[in-house]
Amino acid sequence: MIDLYYWPTPNGHKITMFLEEVGLPYQIKPVNIGKGEQFEPDFLKIAPNNRMPAIVDHEPPGGGEPISVFESGAILVYLADKTGKFLPTDRRRYDVLQWLFWQMGGLGPMAGQNHHFGRYAPEKIPYAIDRYVKETGRLYGVLDRRLADREYIAGEYSIADMASYPWIVPYENQGQNLDDFPHLQRWFNKIKARPATERAYEHAARVNPEVGKPMGEEEKKILFGQTHKR
């Protein structure tokens, strides 16, 4: 059994997408980030960066004590190695990993800043909004060109696709139009239609019935007011 510490965000969806694909038994342990549950001492023991998702695997490869893993990219690699799925063991492995790291270092952070300055910042700063909308569009273009001659990012469906897809889902909020990226749009629709993706996203409404609703001021203070003292 795997304990998944989860909240319905793009990074959380990555892990439910993988787990639904492979059918590993898991239980969701909600971490309501709007209420500050990510700062609870027990959670910090497994996720010292006070961010979800995180997992605890009670049946790790080789046996022994449970293993905890935090950071969504590391979790995907761990689960792929554990199951032998969605991450090749030959030279294609590095093709998948470079695109996984592209999402972790580029698409996710830039889309995140896009969301922040466009939707949550108390002051609308045109320069910041324009900067991140354009950079998000540039990254969409990188992915679109990559997908011009292949079905998935690394050829076969992999953790690179699972990592990127949830960050494309809110494309309208990012100021993007998928019609401008036909190869990405085809890829996006194909992943959206996968039964495992549908099941993964069904968890969102169950865990947080208010998912998609505007964020309250108290939630913003908790999420965006963190310092080294919190």
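**Aromatic pairs and charges over rings**

Counting rings of Phe, Tyr and Trp whose centres lie within 6.5 Å gives eleven aromatic pairs. The rings of Tyr 152 and Tyr 157 are 5.0 Å apart at their centres, with planes at 55°, so this pair is tilted. The model is a predicted one. A pair of aromatic rings is described by the distance of the centres and the angle of the planes.

**The pair Tyr 152 and Tyr 157**
- Both Tyr 152 and Tyr 157 are buried.
- Tyr 157 also has a charge over its ring: the charged end of Arg 194 sits 3.8 Å from the ring centre.

**The pair Tyr 165 and Tyr 201**
- Tyr 165 and Tyr 201 form an edge-to-face pair. Their centres are 6.1 Å apart, and their planes stand at 90°.
- Tyr 165 has 4% relative accessibility, so it counts as buried.
- Tyr 201 has 23% relative accessibility, so it counts as partly exposed.

**A cluster of rings**
- Tyr 165 and Tyr 201 also belong to a cluster.

**Another charge over a ring**
- Arg 131 lies over the face of Tyr 132. The distance to the ring centre is 5.3 Å.

Technical notes:
Residues numbered from 1 in each chain as written. Predicted model: local features only at pLDDT ≥ 70, side-chain atom pairs only at ≥ 80, totals over all residues. Heavy atoms only, no water. Phe/Tyr/Trp six-rings, centres within 6.5 Å; stacked < 30°, edge-to-face > 60°. Buried < 20%, exposed > 50% of the residue type's maximum accessible area, 1.4 Å probe, protein only. Lys NZ or Arg CZ within 6 Å of the ring centre and 35° of its normal.
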